[in-house]
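User: Hi! Could you walk me through a few local features of this protein?

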Amino acid sequence: MTEQNQAVATEEQGTEAVLQIQRIYVKDVSFEAPNLPHIFQQEWKPKLGFDLSTETTQLAEDLYEVCLNISVETTMEDSEDVAFICEIKQAGVFTISGLEDVQLAHCLTSQCPNMLFPYARELISSLVNRGTFPALNLSPVNFDALFVEYMQRQQAQAEETENKEVH
């Protein structure tokens, strides 16, 4: 993905939707390996814990910061000793215009994190490598599917609340 404008014409409104990357940066990074060096004396049978979330902040009109938060914790299967904990916040500033409501939410929670993820993935891989642990290459994340799941949960909660108010 380049840093040039990506524009999509919306036929109903006759306006042009714009998504432009202004800046991509590391906002926070942490790598801990609390049980070194004795962890290397154990047979490498890792158990990986993975947590992912996003945060969005509107900075100005049509200007948003999106932060992709990833936490990876690897413990040893046999001993439960922590091998390493890697936490990063990969962020970007995006200009987004011409989108409303659901389209804007989709852009901020799916398209922008999708652009940030390769940077986050490379950073995590590099940190784990510098800790001299075996390579860790995170699988791609389907942010579109996560957005659909989120929308379905929101709809179910709204229906549940509506049903409670009726009864």
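Predicted model: local features only at pLDDT ≥ 70, side-chain atom pairs only at ≥ 80, totals over all residues.

User: Where does Ala135 lie?

Analyst: Residues are numbered from 1 along each chain as its sequence is written, and side-chain values use heavy atoms, with hydrogens and water left out. Helices (H or I, at least four residues) and strands (E, at least two) are DSSP runs, numbered from the N terminus. Ala135 lies in the loop between helix 1 (101–130) and helix 2 (143–166).

User: Is Ala135 buried or exposed?

Analyst: The scale is relative accessible area: buried is under 20%, exposed over 50%, and partly exposed in between (1.4 Å probe, protein chains only). Ala135 has a value of 70%, so Ala135 counts as exposed.

User: What is phi of Glu80, and where does Glu80 lie?

Analyst: Most residues other than glycine have a negative phi. Glu80 lies in the loop between strand 4 (63–76) and strand 5 (82–97). Its phi is positive, near 65°.

User: Is Glu80 buried, exposed or partly exposed?

Analyst: The relative accessible area of Glu80 is 43%. Glu80 is therefore partly exposed.

User: Which form does the peptide bond from Leu36 to Pro37 take, cis or trans?

Analyst: Most peptide bonds are trans. Pro37 lies in the loop between strand 2 (15–32) and strand 3 (46–60). With omega near 0°, the bond from Leu36 to Pro37 is cis.
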